[in-house]
Amino acid sequence: MTTMSRVLRLAVWLLLATAGVAAPDRPNILLILADDMGWGDLRCHGNDRLDTPVLDRLQRQSLELDRFFVSPMCSPTRSSLLSGRHHLRLHVLSTSHGLEVMHGDEFTIAEALKPAGYATGCFGKWHNGSNRPSTARGQGFDEFFGFSGGFFSNYWDPELEHNGQAALRPGYITDVLADAAMAFMERERARPFFCYVPFNACHSPMQAPPDLFAKYTQRGFAPMEAAIYAMVENLDGNVGRLLGKLDVLGLAENTIVIFASDNGPNSARFNGGMRGRKGSVFEGGVRVPFFIRWPGKFEPGKRLPQIVQHVDIMPTLLDLVGLTLSTARPLDGISVASLLRGTAGTWPDRMLFEMGTRNGRNGVPMTVYPGAVRTQTHRWAHDGNQEYLFDLRDDPGELTNVLAKEPAFAARLAAEYARWFRDATRSTDGKIQRFAITLSEGTELLVPSAELRGGARFFGKGWDYDWGTGFGSPDAALVWLLEVPQPGTYEVEAFHTAGAPKGFVRTNVGSQSAEGAIMESYQPSVIPRRDLVERWEVPDKVFKPLALGRIVIPAGAHELKLTATEGVEIQKVRLRRVSGAN
C-alpha cells in the first residue's frame, strides 16, 4: 500500500469517526448472499417444484427490489457490493488467476462501519483475495470464518479458516457457516454489528444433504438439478436459523436484513423465462433476488420496479444507519434509501452498466465486450459477436432484437457503454492488470495466481485448488508477482507431489534462490468425496510440504520463479518471514 493510499484511507476513517460513537439504537445489518442462486430458485418467484418456505416468508416481510442487478460472475459482484464501485475500477476482472483480487487500498462497507462502533464479521466465501491486505480481515472485518477462494472443494466436514488459523468443523458447510454467524451475533449483541454471510451454496461441487437430494430426485429432477435444489432448500433452512437467532436475541426489530445472490443460475433451469444464466450479460445472468427487511421502517410485501444495482448497496446502507462517506475515490453507486422509505417521489431513469469477465496475461488489452447497459425499459447488449437491443416492457424474455427499429437509441446506449468502459479502465489504460501479492509475516502463493511460462501448465483450468504440472525443462516455470514492503529473510516451503524418488524444487527471486531435494516419490490417491452428483472443478489430493530453506528478499517489486524436475506437481508455495534482512 502506497503512502498516498494510506493517507487517503486514514482521511476517510477520521471523517467517519467524527460522526461519534454508535448510538445504542443504531441498527444491526445482516447481509446474506447466496452463490449461483438464480432469481427463479424460489417458490415465491413461480418455481412451484421447489420448497423455500423461509425465503418466501422473508419476501412477504420485506420490501423487494424486483429489478436488482449484479455482475454475471462471483468476484466482480462481491467486490462491487462491498465497495460501491464497479469491479473494473478495482481491477477485479475474473474469478481466478489473480484477477479476482480486490486491492487492499479499496474501502469497504466493513471499514466504513467500524469507526461508528460496529462489530464486523464475515462468514463464508470471500473470493476477493487470499493474502493481506486483500483478505476479509485486511478489508475491515474483525472476524473471518470461511474460505478465501471461489469455491470449496468439499461441502462435508470442511477445513476452513478462522482468523488466519485452520479450523476443521464437522458437518455440512452451509450449516457450519450459519453456526458461526449466529455465534457472532450472540457474542456482539450488546453493540451494533455488521454480519456478512456469503454462503457458497449452490455453487458446485453439487453436494447436498442426502434426505433433501432424495426428495428432489423423487420429484423427477435429474441428479444435478436435484442436488442444486436440495442445496437451496438447505440454505433456506439456514436463513431461517439466522432469522430465528435474531428473534431469540430480541434484535429482529432493530436489524436490517438483506438477502440476495451474486449472479444468475449455474445451470439451465427455471428462471422466470429470462434469457441467459451465470456468465451472461443478458437479464437471466444478472437479475437476482433482493429482499430487504427493517420492521417498522419499510413496507412489507411491496415490490419496487425501479432498477437498482450492487454498487448501490454500500451508499444505501451507510445512509440508512446515518453515516456519511467522503472519499477521493468516488462511488459508482447511489443511495436508494429514499426509495426504500417511500419518500423519493419521482425516481429518475438511469443507466446500469454490466460486463462479462476478462482473462489474460498482464499487459494484454482488455476486450470491450461482452457488456450491457440496462435502463428502466431497455437492455442494450453486445455478447462479443452480435449487438442487441431489447424492449423489456413488451419482451421480458429478450427474444426480439429491436436494434433495427430503434437505431438511434441503440447507438446512444452503445456510446454510453464505450464511454463508461474507457472511464472505468482508465487506471489500467484498458489493459489486464493483476496486483502483485504483498508479502506479510505469512503468505501463501497459490498456483492459480501464478503466470505459466515455458511448458508449465495447470492440471485443470487454473481454478481454485488446481495445481501446476509440466515441469522438467529450464524454461517451464510458475511465476508470482510480489510486492515486498520491507526487506526480510523468508523460510520457503513448496507443497508438492513427485513421480520419481530423486528430484528438486527451486525458487528464485533475482539472484537469490532456495532449493529443496526430493528424496522419495510421493503420489497420493485422490481423496474420496461424498459427492451425490459428480461434478468436480478439480480432484482433491494431499500435497506434501518440502522445505526449500531461506531466502533474502529486498524491498520492492519482484518475481518469484519456481522450477522443478519432471514428474513434480506443485499446489502452492508458503513464505514465512523470520527476520529483517541482514
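Mentor: Take Y196, which has a relative accessible area of 0% and therefore counts as buried. Buried means under 20% relative accessible area, exposed over 50%, partly exposed in between, with a 1.4 Å probe and protein chains only. This is a predicted model: local features need pLDDT of at least 70, side-chain atom pairs count only at pLDDT 80 or more, and totals for chains, interfaces and linings use all residues. Residues are numbered from 1 along each chain as its sequence is written, and side-chain values use heavy atoms, with hydrogens and water left out.

Trainee: Which residue forms an aromatic pair with Y196?

Mentor: Rings of Phe, Tyr and Trp (its six-membered ring) pair if their centres lie within 6.5 Å; planes under 30 degrees apart count as stacked, over 60 as edge-to-face and the rest as tilted. Here F141 and Y196 are stacked, 6.0 Å centre to centre with 25° between the planes.

Trainee: Is K125 buried or exposed?

Mentor: K125 is buried, at a relative accessible area of 0%.

Trainee: Which side chain does K125 join in a polar contact?

Mentor: A polar contact is a pair of N or O atoms within 3.5 Å; within protein, one must be able to donate a hydrogen and the other to accept it, and residues adjacent in sequence count only if both atoms are side-chain atoms. The side chain of K125 has such a contact of 2.7 Å with that of D35.

Trainee: What sits over the ring of W294?

Mentor: A charge sits over a ring if NZ of Lys or CZ of Arg is within 6 Å of the ring centre and within 35 degrees of the ring normal. Over W294 sits the charged end of K297, 5.4 Å from the ring centre. Likewise, the charged end of K572 sits over the ring of F495, 4.7 Å from its centre.
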